[in-house]
Amino acid sequence: MEVPRHITIIMDGNGRWAKKQGKMRLFGHNAGTESVRACCEYAVEHGIRYLSLFAFSEENWDRPQDEVQGLMELMLKSVLGERETFRKNNIRFRVIGDRSRLSEKLLANIDMVQDETASHTGLTLIIMLSYSGKWDIVQAARRYASDCLAAGKQLPLDETGFSGYLATAGIPDPDLMIRTSGEQRISNYMLWQCAYTEFYYTPVLWPDFRKTDLEQAIQSYNLRERRYGKVE
Ligand code: IPE
Ligand code: IPE
Ligand code: MG
(Lines give C-alpha, C1' and ligand atoms only; values in the text may rest on other atoms or scores of the structure.)
(Ligands and ions follow the chains in the order given, each with its own letter.)
Protein backbone atom coordinates (compact mmCIF):
# COMPACT_ATOMS: atom_id res chain seq x y z
CA MET A 1 0.00 0.00 0.00
CA GLU A 2 1.18 3.50 -0.82
CA VAL A 3 1.62 5.64 2.25
CA PRO A 4 1.51 9.41 2.74
CA ARG A 5 4.85 11.05 3.43
CA HIS A 6 3.60 12.99 6.45
CA ILE A 7 0.65 11.93 8.60
CA THR A 8 -0.49 14.14 11.44
CA ILE A 9 -2.96 13.12 14.13
CA ILE A 10 -5.12 15.18 16.47
CA MET A 11 -5.29 12.62 19.26
CA ASP A 12 -8.67 13.41 20.77
CA GLY A 13 -11.15 11.65 23.06
CA ASN A 14 -9.02 10.51 25.99
CA GLY A 15 -11.29 12.20 28.53
CA ARG A 16 -14.47 10.68 27.10
CA TRP A 17 -12.83 7.26 26.93
CA ALA A 18 -11.97 7.45 30.63
CA LYS A 19 -15.39 8.79 31.58
CA LYS A 20 -17.10 5.88 29.84
CA GLN A 21 -15.34 3.61 32.32
CA GLY A 22 -15.96 5.84 35.31
CA LYS A 23 -12.27 6.71 35.55
CA MET A 24 -10.33 9.98 35.86
CA ARG A 25 -9.36 11.82 32.67
CA LEU A 26 -5.68 11.07 33.26
CA PHE A 27 -6.44 7.38 32.99
CA GLY A 28 -7.50 8.07 29.40
CA HIS A 29 -4.35 10.06 28.65
CA ASN A 30 -2.28 7.21 30.00
CA ALA A 31 -4.13 4.66 27.86
CA GLY A 32 -3.55 6.91 24.83
CA THR A 33 0.18 6.20 24.98
CA GLU A 34 -0.55 2.65 23.80
CA SER A 35 -2.17 4.11 20.66
CA VAL A 36 0.89 6.29 20.09
CA ARG A 37 3.05 3.19 20.27
CA ALA A 38 0.83 1.33 17.79
CA CYS A 39 0.91 4.21 15.30
CA CYS A 40 4.69 4.54 15.56
CA GLU A 41 5.08 0.83 14.96
CA TYR A 42 2.83 1.02 11.92
CA ALA A 43 4.72 4.04 10.61
CA VAL A 44 8.06 2.26 10.98
CA GLU A 45 6.75 -0.94 9.37
CA HIS A 46 5.30 0.92 6.39
CA GLY A 47 8.04 3.46 5.79
CA ILE A 48 6.07 6.59 6.68
CA ARG A 49 8.64 9.40 6.80
CA TYR A 50 6.93 11.82 9.20
CA LEU A 51 4.37 11.21 11.92
CA SER A 52 3.33 14.24 13.93
CA LEU A 53 1.06 14.00 16.94
CA PHE A 54 -0.87 16.84 18.54
CA ALA A 55 -0.29 16.10 22.21
CA PHE A 56 -1.05 19.42 23.93
CA SER A 57 -2.35 22.72 22.61
CA GLU A 58 -1.71 26.25 23.84
CA GLU A 59 -5.38 26.29 24.87
CA ASN A 60 -4.92 23.09 26.91
CA TRP A 61 -2.90 25.11 29.46
CA ASP A 62 -6.27 26.40 30.67
CA ARG A 63 -7.39 22.94 31.79
CA PRO A 64 -7.43 22.11 35.54
CA GLN A 65 -3.91 22.25 36.94
CA ASP A 66 -3.84 18.61 38.04
CA GLU A 67 -4.67 17.47 34.52
CA VAL A 68 -2.02 19.76 33.01
CA GLN A 69 0.56 18.54 35.49
CA GLY A 70 -0.40 14.92 34.89
CA LEU A 71 -0.03 15.38 31.14
CA MET A 72 3.42 16.96 31.53
CA GLU A 73 4.53 14.12 33.80
CA LEU A 74 3.22 11.60 31.30
CA MET A 75 5.18 13.37 28.58
CA LEU A 76 8.39 13.19 30.58
CA LYS A 77 7.84 9.54 31.40
CA SER A 78 7.08 8.67 27.76
CA VAL A 79 10.08 10.56 26.37
CA LEU A 80 12.43 8.73 28.72
CA GLY A 81 10.62 5.42 28.40
CA GLU A 82 10.81 5.31 24.61
CA ARG A 83 14.52 6.05 24.18
CA GLU A 84 15.29 2.41 23.54
CA THR A 85 12.47 2.15 20.97
CA PHE A 86 13.87 5.17 19.15
CA ARG A 87 17.33 3.64 19.09
CA LYS A 88 16.19 0.23 17.91
CA ASN A 89 13.93 1.62 15.21
CA ASN A 90 16.15 4.44 13.95
CA ILE A 91 13.45 6.99 14.90
CA ARG A 92 14.30 10.69 14.95
CA PHE A 93 12.44 12.36 17.79
CA ARG A 94 11.34 15.99 17.71
CA VAL A 95 9.19 18.18 19.91
CA ILE A 96 7.65 21.32 18.44
CA GLY A 97 5.80 24.05 20.31
CA ASP A 98 6.07 27.00 22.64
CA ARG A 99 9.05 26.04 24.79
CA SER A 100 8.66 29.06 27.06
CA ARG A 101 5.81 27.38 28.91
CA LEU A 102 7.52 24.02 29.49
CA SER A 103 9.47 23.19 32.64
CA GLU A 104 13.27 23.23 32.68
CA LYS A 105 13.34 19.57 33.56
CA LEU A 106 11.07 18.53 30.70
CA LEU A 107 12.99 20.73 28.25
CA ALA A 108 16.33 19.26 29.33
CA ASN A 109 15.08 15.72 28.79
CA ILE A 110 13.43 16.55 25.47
CA ASP A 111 16.68 18.13 24.27
CA MET A 112 18.69 15.14 25.39
CA VAL A 113 16.50 12.70 23.44
CA GLN A 114 16.33 15.01 20.43
CA ASP A 115 20.15 15.19 20.36
CA GLU A 116 20.50 11.47 20.89
CA THR A 117 18.23 10.68 17.90
CA ALA A 118 19.21 13.58 15.63
CA SER A 119 21.22 11.41 13.24
CA HIS A 120 18.57 8.72 12.91
CA THR A 121 17.34 8.30 9.35
CA GLY A 122 14.07 6.40 9.74
CA LEU A 123 10.73 7.77 10.86
CA THR A 124 10.70 11.35 12.16
CA LEU A 125 8.31 11.36 15.11
CA ILE A 126 7.15 14.84 16.01
CA ILE A 127 5.29 15.64 19.21
CA MET A 128 3.39 18.90 18.98
CA LEU A 129 3.52 20.10 22.55
CA SER A 130 2.27 23.46 23.79
CA TYR A 131 1.56 24.19 20.17
CA SER A 132 -1.06 26.14 18.32
CA GLY A 133 -1.36 27.26 14.72
CA LYS A 134 -1.88 30.94 15.51
CA TRP A 135 1.00 30.93 17.98
CA ASP A 136 3.23 29.46 15.25
CA ILE A 137 2.28 32.10 12.68
CA VAL A 138 2.80 34.94 15.16
CA GLN A 139 6.18 33.65 16.34
CA ALA A 140 7.23 33.32 12.69
CA ALA A 141 6.15 36.91 11.96
CA ARG A 142 8.08 38.14 14.99
CA ARG A 143 11.24 36.35 13.96
CA TYR A 144 10.98 37.67 10.42
CA ALA A 145 10.50 41.20 11.77
CA SER A 146 13.56 40.90 13.99
CA ASP A 147 15.64 39.64 11.05
CA CYS A 148 14.50 42.73 9.12
CA LEU A 149 15.48 44.97 12.01
CA ALA A 150 18.88 43.31 12.25
CA ALA A 151 19.37 43.77 8.49
CA GLY A 152 18.17 47.37 8.65
CA LYS A 153 15.74 46.83 5.78
CA GLN A 154 12.65 44.89 4.74
CA LEU A 155 13.88 41.48 3.62
CA PRO A 156 12.20 39.70 0.71
CA LEU A 157 9.60 37.18 1.79
CA ASP A 158 7.51 34.63 -0.10
CA GLU A 159 5.47 31.64 1.04
CA THR A 160 8.43 29.29 1.04
CA GLY A 161 10.46 31.83 2.98
CA PHE A 162 7.70 32.29 5.53
CA SER A 163 7.40 28.52 6.01
CA GLY A 164 11.05 28.62 7.00
CA TYR A 165 10.17 30.77 10.01
CA LEU A 166 7.44 28.42 11.23
CA ALA A 167 8.22 26.04 14.07
CA THR A 168 7.79 23.20 11.57
CA ALA A 169 10.54 24.52 9.26
CA GLY A 170 12.15 21.73 7.28
CA ILE A 171 9.23 19.35 7.76
CA PRO A 172 7.00 18.83 4.71
CA ASP A 173 3.35 19.86 5.13
CA PRO A 174 1.07 17.02 6.28
CA ASP A 175 -0.52 14.99 3.49
CA LEU A 176 -3.09 13.45 5.77
CA MET A 177 -4.58 14.80 8.99
CA ILE A 178 -6.50 12.36 11.16
CA ARG A 179 -8.71 13.44 14.04
CA THR A 180 -10.21 10.90 16.41
CA SER A 181 -13.27 11.10 18.68
CA GLY A 182 -15.74 12.40 16.10
CA GLU A 183 -14.91 16.10 16.39
CA GLN A 184 -14.69 17.70 12.97
CA ARG A 185 -12.60 20.80 13.54
CA ILE A 186 -8.99 21.88 13.36
CA SER A 187 -8.83 23.38 16.91
CA ASN A 188 -6.08 25.86 16.06
CA TYR A 189 -3.70 23.14 14.87
CA MET A 190 -1.30 23.53 11.90
CA LEU A 191 -3.27 26.31 10.22
CA TRP A 192 -0.68 27.30 7.64
CA GLN A 193 0.68 23.79 7.08
CA CYS A 194 -2.72 22.17 6.45
CA ALA A 195 -3.57 24.41 3.48
CA TYR A 196 -3.83 21.37 1.20
CA THR A 197 -3.92 18.53 3.67
CA GLU A 198 -6.54 15.78 3.29
CA PHE A 199 -8.68 15.46 6.43
CA TYR A 200 -9.97 12.20 7.86
CA TYR A 201 -12.33 12.07 10.82
CA THR A 202 -13.14 8.95 12.79
CA PRO A 203 -15.47 8.44 15.77
CA VAL A 204 -12.92 6.10 17.39
CA LEU A 205 -11.65 7.56 20.67
CA TRP A 206 -7.87 7.97 20.76
CA PRO A 207 -7.14 5.23 23.37
CA ASP A 208 -8.98 2.73 21.12
CA PHE A 209 -7.13 3.76 17.95
CA ARG A 210 -4.98 0.95 16.57
CA LYS A 211 -3.03 -0.01 13.43
CA THR A 212 -6.17 -1.13 11.58
CA ASP A 213 -7.73 2.31 12.17
CA LEU A 214 -4.62 4.01 10.83
CA GLU A 215 -4.68 1.70 7.84
CA GLN A 216 -8.32 2.61 7.13
CA ALA A 217 -7.42 6.29 7.17
CA ILE A 218 -4.58 5.69 4.72
CA GLN A 219 -6.88 3.66 2.46
CA SER A 220 -9.33 6.55 2.43
CA TYR A 221 -6.48 8.95 1.64
CA ASN A 222 -5.37 6.78 -1.27
CA LEU A 223 -8.80 7.13 -2.90
CA ARG A 224 -8.63 10.90 -2.89
CA GLU A 225 -7.65 13.05 -5.79
CA ARG A 226 -5.50 15.98 -4.74
CA ARG A 227 -5.98 18.81 -7.19
CA TYR A 228 -4.37 21.82 -5.47
CA GLY A 229 -6.83 24.11 -7.20
CA LYS A 230 -5.91 22.90 -10.66
CA VAL A 231 -7.97 21.12 -13.30
CA GLU A 232 -7.05 17.50 -13.91
C1 IPE B 1 -7.06 14.62 23.90
O2 IPE B 1 -8.10 14.11 24.67
C3 IPE B 1 -5.81 14.86 24.69
C4 IPE B 1 -5.52 16.28 24.94
C5 IPE B 1 -6.18 17.29 24.45
C6 IPE B 1 -4.41 16.57 25.81
P7 IPE B 1 -9.06 15.06 25.49
O8 IPE B 1 -8.47 15.26 26.84
O9 IPE B 1 -9.35 16.31 24.74
O10 IPE B 1 -10.35 14.16 25.59
P11 IPE B 1 -11.85 14.61 25.43
O12 IPE B 1 -11.97 15.39 24.16
O13 IPE B 1 -12.17 15.45 26.63
O14 IPE B 1 -12.63 13.34 25.40
C1 IPE C 1 -7.15 19.36 20.48
O2 IPE C 1 -8.08 18.71 21.28
C3 IPE C 1 -5.81 19.34 21.13
C4 IPE C 1 -5.15 18.04 21.22
C5 IPE C 1 -5.60 16.91 20.79
C6 IPE C 1 -3.85 18.07 21.83
P7 IPE C 1 -9.03 19.52 22.29
O8 IPE C 1 -9.86 18.51 22.97
O9 IPE C 1 -8.23 20.42 23.12
O10 IPE C 1 -9.90 20.41 21.27
P11 IPE C 1 -11.35 21.03 21.40
O12 IPE C 1 -11.37 21.82 22.67
O13 IPE C 1 -12.31 19.90 21.45
O14 IPE C 1 -11.54 21.86 20.17
MG1 MG D 1 -10.74 16.82 23.39
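Predicted model: local features only at pLDDT ≥ 70, side-chain atom pairs only at ≥ 80, totals over all residues.
Around ligand 1 stand Met11, Asp12, Gly13, Asn14, Gly15, Arg16, Arg25, His29, Ala55, Asn60, Arg63 and Leu71. Sorted by class, this shell holds 3 nonpolar, 5 polar and 4 charged residues. Two helices, H1 (14–20) and H2 (25–46), each supply at least two residues of the shell around ligand 1, and the largest share, 3 residues, comes from H1.

Within this shell, some contacts with ligand 1 involve the backbone of the protein, while another involves a side chain. A polar backbone atom of Gly13 is 3.4 Å from an oxygen atom of ligand 1, and a polar backbone atom of Asn14 is 3.1 Å from an oxygen atom of ligand 1. From Arg63, by contrast, the atom concerned belongs to the side chain, where a polar atom lies 2.7 Å from an oxygen atom of ligand 1. Taken alone, ligand 1 exposes 380 Å², and the protein buries 87% of that.

The residues around ligand 2 are Ile10, Met11, Asp12, Phe54, Ala55, Phe56, Asn60, Arg63, Arg179, Arg185 and Ser187, and they divide into 5 nonpolar, 2 polar and 4 charged. Here a strand gives the most to the shell, for E2, residues 50–57, contributes 3 residues.

Which side chains hold a polar atom 3.3 Å from an oxygen atom of ligand 2? One belongs to Asp12, whose polar side-chain atom lies at that distance of 3.3 Å, and another belongs to Arg63, where an N or O atom of the side chain is 3.3 Å from an oxygen atom of ligand 2. Ser187 also takes part, with an N or O atom in its side chain 2.6 Å from an oxygen atom of ligand 2. Taken alone, ligand 2 exposes 390 Å², of which the protein buries 78%. A search of the whole structure finds 12 aromatic pairs. In one of them, the rings of Phe54 and Tyr189 have their centres 4.2 Å apart and their planes at 20°, so the pair is stacked. This pair links distant parts of the chain, with Phe54 in strand E2 and Tyr189 in the loop between strand E5 (176–179) and strand E6 (198–201), 135 residues apart.

Technical notes. Residues numbered from 1 in each chain as written. Chains lettered and ligands numbered in written order. Heavy atoms only, no water. Near = heavy atom within 4 Å. Polar contact = N/O pair within 3.5 Å; in protein donor to acceptor, adjacent residues only side chain to side chain. Areas by Shrake-Rupley, 256 points an atom, 1.4 Å probe, with all protein chains shown as cover. Helix = DSSP H or I, 4+ residues; strand = E, 2+ residues; numbered from the N terminus. Nonpolar A, V, L, I, M, F, W, Y, C, P; charged D, E, K, R; others polar. Phe/Tyr/Trp six-rings, centres within 6.5 Å; stacked < 30°, edge-to-face > 60°.
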